[in-house]
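I opened a new structure today and kept short notes as I went. Here is what I looked up, in the order I looked.

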Amino acid sequence: MKVIIVGAGIGGLTTAIALQLRGIAYEIYDGAPGNRPLGAGITLGVNAMRVYERLGVATAIQQVAMLPTYLNICTNSGTVLQSIRNAAMEGHYGTGTYGIHRATLQQILLDHVDQPVQWGKRCLSIIEGTDHVAVHFSDGSEAKANIVIGADGIRSAVRESHIETGRYRYSGQTCWRAIVPIDLPAKELVTASEVWSNKGGGLRAMYMQVGPKQVYWWMTVGRPEGSQWVPDQALAFIREQLRDFHDYMPQVLEALRPEYLIHGDLHDLAPLRSWYRGRVVLVGDAAHATTPNIGQGAGQAIEDAWVLAHSLAITENYSSAFERYQQVRIKRAQKIVDVSWQLGQLTNWKGRLLTSLRNGLMRSVPERMMERQLKYMFGVTLEG
Ligand SMILES: Cc1cc2nc3c(=O)[nH]c(=O)nc-3n(C[C@H](O)[C@H](O)[C@H](O)COP(=O)(O)OP(=O)(O)OC[C@H]3O[C@@H](n4cnc5c(N)ncnc54)[C@H](O)[C@@H]3O)c2cc1C
């Protein structure tokens, strides 16, 4: 069986590695002109790292990524609302949650794929025949295979051309991210805190070291969809919004430059009826893009990769494999999309009264319930 993967992001590259582990031949195409060290940081949750252990990629990640002692949610007045101790996660699940520069992760994944990515191949459409499926690219070329895996992100052309029209849901929040070329002092490395403003209105920010001279910083705030920003004005706005955020935030903001800023509105994807049709199946954001509130978008793409490769390895029949993959994955991925959405909406609450209520709700989650939630997210058993 020959497989084409469209999209060489985290989902597509992880799928490639999972397929090669099962001895399944593939070609991988991406619309970008080449591998460019773009993006800011990312946290890889315990569940993602457990898949990478099985794929033989975890050690390379652990050698360069950062493992904070605590991952907290707190308020800008310093109250801790929730806390995860990475050592406890390592005790329970054998690994913790790591922070890494996206470009570093991308390079590690590229180092682990046997087939070179064919860059500059933007998929325009998919045409399915009786015994094959063809991918048409914007440079006029086409590629044929027995099946196509669409790993081309939230705006997936594979999905739009062959499976279903996606409906994007705006979270009400816009987001800036950056890599700031500084090192945090030692005491700031212990805890990676997502800080929620007591004013609410979607205002949150975080910084964490993800590599030498690489501090991953981000901020969200409630704004109408599609708001446009000139980088200089954006930076002035960001500094003003975060003026009463403490710890090392003032120093990080001091070192932040307009040219480092990556800006985008936060959307997710309304649930699809199906993740596959005929010879074409979706993984990652193409199937279930989520808001980043619980740091699980890539984690879910990585789980997809494992389960899809396993499903294709245990049956010659691609329809059965796709159905099995969907049955194992769709409910869990959708639940995570929903939980992430609800948490983001909670941060949209505005005003002293509502933010006090929000803080109280976050703090009053009983320890047993918190443990159950973490077990659901991190302790997932993927077959194979
Ligand atoms: C602000 C923010 C913070 C986040 N933080 C985290 C986090 O901490 N932890 C976490 O787990 N997740 C996080 N996520 C989510 C995570 O980034 C995504 O879920 C993940 O990148 C999805 O991977 P993917 O491969 O499915 O899609 P993408 O990363 O979007 O990759 C798609 C690839 O397909 C290519 N492509 C696109 N269109 C075409 C086409 N037509 N033809 C060919 N190629 C195409 C693109 O060039 C790209 O390489 C965050 C998301 C955002 C927005």
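I started with α2 (residues 46-54) and α11 (residues 297-314), whose axes come within 8 Å and cross at roughly 35°. I kept in mind that this is a predicted model. Then I checked the hand of the crossing: α2 passes α11 in a left-handed one.

Which residues meet there? I found N47, A48, V51, Y52 and R54 on the α2 side, and on the α11 side G299, Q300, I302, E303 and W306. Sorted by class, that contact between α2 and α11 has five nonpolar, three polar and two charged residues.

**The second largest pocket**

I noted 21 lining residues, with M89, E367, M370, E371 and L374 lying nearest the pocket's centre.

Where does the lining come from? I saw that β5 (80-85), α4 (86-93), α13 (352-363) and α14 (367-378) each give at least two residues to it. The largest share is from α14, with seven residues. By class, I wrote down 11 nonpolar, three polar and seven charged residues for this lining.

**Salt bridges**

Side chains of opposite charge can pair when their charged atoms come close. I looked for such pairs here, and the count came to 12 salt bridges. One I picked out is between the side chains of D268 and R169, at 2.7 Å from N to O. D268 sits in strand β16 (residues 262-269) and R169 in strand β12 (residues 168-180), so this pair ties together parts that are 99 residues apart in sequence.

Terms used
Residues are numbered from 1 along each chain as its sequence is written. This is a predicted model: local features need pLDDT of at least 70, side-chain atom pairs count only at pLDDT 80 or more; totals for chains, interfaces and linings use all residues. Side-chain values use heavy atoms; hydrogens and water are left out. Axes are lines fitted to C-alpha atoms, for helices over the stretch in contact, and angles run from 0 to 180 degrees between N-to-C directions. Helices (H or I, at least four residues) and strands (E, at least two) are DSSP runs, numbered from the N terminus. A crossing is left-handed if the near helix is turned anticlockwise from the far one by less than a right angle, and right-handed if clockwise. Contact means heavy atoms within 4.5 Å. Ala, Val, Leu, Ile, Met, Phe, Trp, Tyr, Cys and Pro count as nonpolar, Asp, Glu, Lys and Arg as charged, and the others, Gly among them, as polar. On a 1 Å grid over the protein atoms alone, a cavity is a set of points where a 1.4 Å probe fits but cannot get out, and a pocket is an open set with protein on both sides within 12 Å along at least five of seven lines; lining residues have an atom within 4 Å of a point. A salt bridge is a side-chain nitrogen of Lys or Arg within 4 Å of a carboxyl oxygen of Asp or Glu.
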